[in-house]
Amino acid sequence: GDSGIQVYSSKSDFPELKLGQEIEVSGTTSEAQGEKKINIAAEAIKILEQKEVPAAQETLTGQVGEEQEGKLIVLKAAISRQSGKTFYLDDASGEAKISITGNFEKPEMKKGESVEITGIVGQTSAGYRVMPRQAEDIKKSEPAGTETATDDATIKKLPAAGPSSHLFVIMALAVAGAGVLV
């Protein structure tokens, strides 16, 4: 399938992993707050080969839920509210919660500002959230079709293209056996 699962080690002793690597993971499956994960012991990850990086699926904010859990998605919408490292987007289909869980800071943003977020959908006891993998997964943009006046012409601005960096939070694309990092 195209969904991922959290790989968890209480010792945080992961090998150096890169986006697109196919890996084999051994451990036990469990569930925390409705989200499945694989609990591993030391040296339980075997790197198999480098593969094509999976593409993020463009999704409406109101569609973030069980069907997208574990998937890498892209949201393009306006910020509806924010608090600390959490903010919400809404493209008029319903709000989506965005949580910064990685080791990076949330950029300065304002309510109503249009952004493009790439991240992995996860579940907590409070519901579903999208977790950007790195700072580059959060891009400020202007809504598609907005116009900007220039000296002698009017130019239509489109949202920024997809992610450009290659450092990502570890997610394997299979429940058991092998998967590709997204």
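Which residue in β8 stands opposite Ile 79?

Modeller: Happy to! The residue opposite Ile 79 is Leu 89 in β8. Before we look around that pair, a word on how to read the picture. This is a predicted model, where local features need pLDDT of at least 70 and side-chain atom pairs count only at pLDDT 80 or more, while totals for chains, interfaces and linings use all residues. Residues are numbered from 1 along each chain as its sequence is written, and side-chain values use heavy atoms, leaving out hydrogens and water.

Let's start with the setting. The protein has zero helices and 15 strands; helices (H or I, at least four residues) and strands (E, at least two) are DSSP runs, numbered from the N terminus. Of its 182 residues, 39% count as buried, where buried means under 20% relative accessible area, exposed over 50%, and partly exposed in between (1.4 Å probe, protein chains only).

β7 covers residues 72-83 and β8 covers 86-90. They run antiparallel and are joined by five bridges; two strands pair if DSSP finds at least two bridges between them. The hairpin they form has two residues between the strands, and in it Gly 84 takes a positive phi near 60°.

Next, let's see what surrounds Leu 89. Setting aside residues up to four places away in sequence, Leu 89 touches a list of residues that includes Leu 75, Ala 77, Ile 79, Ile 98, Val 115 and Ile 117; contact means heavy atoms within 4.5 Å. Leu 89 also belongs to the largest nonpolar core, which has 17 residues. Such a core is a set of buried Ala, Val, Leu, Ile, Met, Phe, Trp, Tyr and Cys residues joined through side-chain atoms within 4.5 Å. Val 64, Leu 75, Phe 87, Leu 89, Ile 98, Ile 117 and Val 130 touch the most other members. At least two residues of this core come from each of β7, β8, β9 (95-99) and β10 (114-124), with β7 giving the largest share, four residues. A second, separate core has nine residues, among them Leu 17, Ile 38, Ala 44 and Ile 45. As background, nonpolar side chains tend to be buried together in soluble globular proteins.

One more neighbour brings us back to Ile 79. Gly 112 lies in the loop between β9 and β10. Apart from its neighbours within four places in sequence, Gly 112 is in contact with Ala 78 and Ile 79. Gly 112 and Ala 78 are 34 residues apart in sequence, yet their C-alpha atoms are 5.2 Å apart in space. With a relative accessible area of 48%, Gly 112 is partly exposed.
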